[in-house]
Amino acid sequence: MTDPRTPEDQTPTPQATETPIAETQTSDSQRRILTPGSDLNPRREFLRSAAMFTGTVAALGGGLEVLTRRPGLSSAEAQAADPFSRADRPLGPYDTKEKVTPYQQATTYNNFYEFGTDKSDPARLAGSLKPRPWTVRIDGEVRKPQTIDIDTLQSWFPLEDRIYRMRCVEGWSMVMPWLGFPLAALIRRLEPTSKAKYVQFTALLDTKQFPGQKQQVLKWPYVEGLRLDEALNPLSFMAVGLHGRTLPGQNGAPLRLVVPWKYGFKNIKSIVRITLTDKQPLTTWMQAAPQEYGFYANVNPAVSHPRWSQATERRIGELGRRKTLPFNGYADEVAALYKGMDLRKNF
Ligand code: MTE
């Protein structure tokens, strides 16, 4: 299997003043300019969308207040009322102060190979994904294996928001305001046995909902994993929403992983199974290209991808490139997890 991925860009962006969502990549790395999509500005359309999906307000726990519909607001008023705007909301201990990537860009420039390998495929094709009804199988080294409905799972936890940087292995980055709950809270609730050392996540396998799975670009279903102590780190997060709205299909509805100190491909989307295990999971990208993608995939500017440097990144919406930070800027929170490990070997 050949790795279809190429560096996002190591060359100046043509027409750099255009919105970056208009950029995408062809397989030979040449750029073309697409017409930007329709106006999806959430600031004009605060949704009770999660409640619409679940049919129950209670299922949303503490996150619902940020999902209130605000009809009739001008975009300036709506912007001022954005629950993620700096003025409205005190930042939590894990939030970055950096400028949040607008909803339109975060939802139209995506990697989700189950829909296709072009950045625009997920937004274009995500309508085929049906995030309700949805169940998550929980098994392996847990005291009570079970298959649980997503709304029930969500109702176990008050929803929190987290503004995290996300750095793709291809060399671009965004700042994403997620809504969800800490992965540690879920794991503790599952009562792992003493044998549990890793957590394996599996995404949906269904060629009707995921047309890209008809092509063997990757081995399906998409699989990812974390060491148990990584999963228990307070930064590890399960997202069910983005920008105060229910997670759109293209961003991994109805449930995705967010581990902000790792390259974006660890953030598996549309999860249907969580398995606690004593063995290190064989992840999709390790199978596809073991010489290029390791299990840890911690953001590390000192270790180049075999085909491109990881020293810098392009923040979507900005001109030029900025320096990539070790552990994507989360070293204080996570560096201790890797004490004594050679992160060149354990890449
Ligand atoms: N999850 C699944 N199931 N399939 C994928 O192809 N792509 C990964 C990750 N999760 C992927 C996935 C990659 S490479 C990245 S960079 C992020 O999702 C992108 O997340 P975003 O589109 O929400 O920004």
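Five strands, in the order S4-S3-S12-S7-S8, form an open sheet of mixed pairing. Strands here are DSSP runs of E with at least two residues, helices are runs of H or I with at least four, and both are numbered from the N terminus; two strands count as paired if DSSP finds at least two bridges between them. The model is a predicted one, in which local features need pLDDT of at least 70 and side-chain atom pairs count only at pLDDT 80 or more, whereas totals for chains, interfaces and linings use all residues. Residues are numbered from 1 along each chain as its sequence is written, and side-chain values use heavy atoms, with hydrogens and water left out.

The edges of the sheet are held by strand S4 (146-149) and strand S8 (223-227); each has a single partner strand, so one side of each is left without a neighbour in the sheet. From one strand to the next the twist averages 20°, where axes are lines fitted to C-alpha atoms, for helices over the stretch in contact, and angles run from 0 to 180 degrees between N-to-C directions. Within the sheet, strand S3 (residues 135-140) and strand S12 (residues 271-277) run parallel and are joined by 4 bridges. Asp 139 has Thr 275 of S12 as its bridge partner.

The ligand has 18 residues around it, of which Asn 110, Tyr 113, Glu 114, Arg 256 and Lys 269 come nearest; a residue is near a molecule if one of its heavy atoms lies within 4 Å of it. Polar contacts are pairs of N or O atoms within 3.5 Å; within protein, one must be able to donate a hydrogen and the other to accept it, and residues adjacent in sequence count only if both atoms are side-chain atoms. A polar backbone atom of Tyr 113 is 2.8 Å from an oxygen atom of the ligand. From the side chains, an N or O atom of Lys 269 is 2.7 Å from a ligand oxygen atom, and a polar atom of Asn 251 lies 2.9 Å from a ligand oxygen atom. On its own the ligand has 530 Å² of accessible area, of which the protein covers 99%, by the Shrake-Rupley method with a 1.4 Å probe.

Trp 220 and Pro 221 are linked by a cis peptide bond with omega near -5°, and Pro 221 lies in the loop between strand S7 (198-203) and S8.
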